[in-house]
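User: I am new to this structure and would like to be taken through it by question and answer. Please show it here.

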Protein chains: 2
Amino acid sequence: MAYEKRPDSSRRSERSRTAILDAAMAQVAELGYQKTTIEGIAARAGVGKQTIYRWWRSKGEVLFDAVEMSIEEGAGAVEGEEPALPDTGDIAADLKTVLRATVDEFTDPRLGPVLRALNTEIQIDEALAERNRTRSLEPGWAAYEARLRAAQEAGQIDADADVRTVVEMLTGPLTYRWLFQTGPLTHAYADTLADMTLKAVGRD
Amino acid sequence: MAYEKRPDSSRRSERSRTAILDAAMAQVAELGYQKTTIEGIAARAGVGKQTIYRWWRSKGEVLFDAVEMSIEEGAGAVEGEEPALPDTGDIAADLKTVLRATVDEFTDPRLGPVLRALNTEIQIDEALAERNRTRSLEPGWAAYEARLRAAQEAGQIDADADVRTVVEMLTGPLTYRWLFQTGPLTHAYADTLADMTLKAVGRD
């Protein structure tokens, strides 16, 4: 009977996964990314190291998922649902809403430093980069692109503008300013990027 | 007489500095950034480790200067001169020239991987970040800003556009695409960024 699945096993798995991710966020808040270890997270969550290695390959992956869970909780998102931009009919307002939320994440004293450390890891860890592309960047871009295509269909922005490039013009400068700490990250900056980029696609 | 400066001492210093930077580029091309060491660079340049530590604090700093020398040589730049954008009177053409050159640096098989490794270091090494800001980013932005202000004075782009934000719209998406490998880095992409950004500041 060792391999028989009990009806509550997936619920218990989910509970222990959540406990591990909560422990990871607590650990990194207390010690910083560099000093956080799989051992420390396991001890804090009250599980064995092997439980963590069953689901994650590295500290970077645990923290990636921990940050994701934390952001989704903050946004009231439902796990497994694709992210979407608001659609109030006002493309400028909707872009500003999401860019301002990105500014808030980057400058959040709890999330910001972990996001920064993860971004450094992503640039040298190919598996983590892949996780970031498929789980964060691509769904995020798809959400922007869908909203921009709706604006194209509504005749609010140039129909022939390449929406991927438009997304990069919105998010690239913001990420750059955050990564290289080259200027203040404010809602006003988010708004300026939205307004200027919309001008580039024919909306005055 | 031990401390008397001989007339050729600065020239000899310069020769040994150049030999070290050449050795650093050769070493990193052969071994990659991670396996390159101060010891290896010293041995290759035929100098003692202490000679390197006299001028640089870390491997990252040596390679930063080596890459800078390599780029300046490639551009035919004169050391110590501030960088400047071309000014042919055609702002679109001039921006495309410099953005295309950035694409060429990022995709250069010799420079690209070192630049990538340095960018990772920069995000965790505050002293290297400061070197990057004062020696690379700020002079580079100043060059862009000067060219954009000339275009404003010539009435080619909106006089009230914030030139710093315009620079970030030009360079942010390019750097983002390079860092996160999210799309092809081509001259066509450089041109699109220049054209769309100029549209954002009133030039059709």
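User: How many residues of chain B are in contact with chain A?
Analyst: This is a predicted model, in which local features need pLDDT of at least 70 and side-chain atom pairs count only at pLDDT 80 or more, while totals for chains, interfaces and linings use all residues. Residues are numbered from 1 along each chain as its sequence is written, and side-chain values use heavy atoms, with hydrogens and water left out. Taking contact as heavy atoms within 4.5 Å, chain A contributes 32 residues, and the number from chain B is 32.

User: What area is buried between the two chains, chain B and chain A?
Analyst: Buried area is the accessible area (1.4 Å probe) that two parts lose on being put together, summed over both. Carbon and sulfur atoms give 62% of it, and the total is about 3100 Å².

User: Which three residues supply more than any other three of the area that chain B buries against chain A?
Analyst: The three together supply 21% of the area that chain B buries there. They are B:Gln123, B:Tyr176 and B:Phe180.

User: Which residue of chain A meets B:Glu168 in a salt bridge?
Analyst: A salt bridge is a side-chain nitrogen of Lys or Arg within 4 Å of a carboxyl oxygen of Asp or Glu, and the count between chain B and chain A is four. In the one made by B:Glu168, the N to O distance is 2.9 Å, and the partner is A:Arg177.

Conventions:
Chains are lettered from A and ligands numbered from 1 in the order in which they are written.
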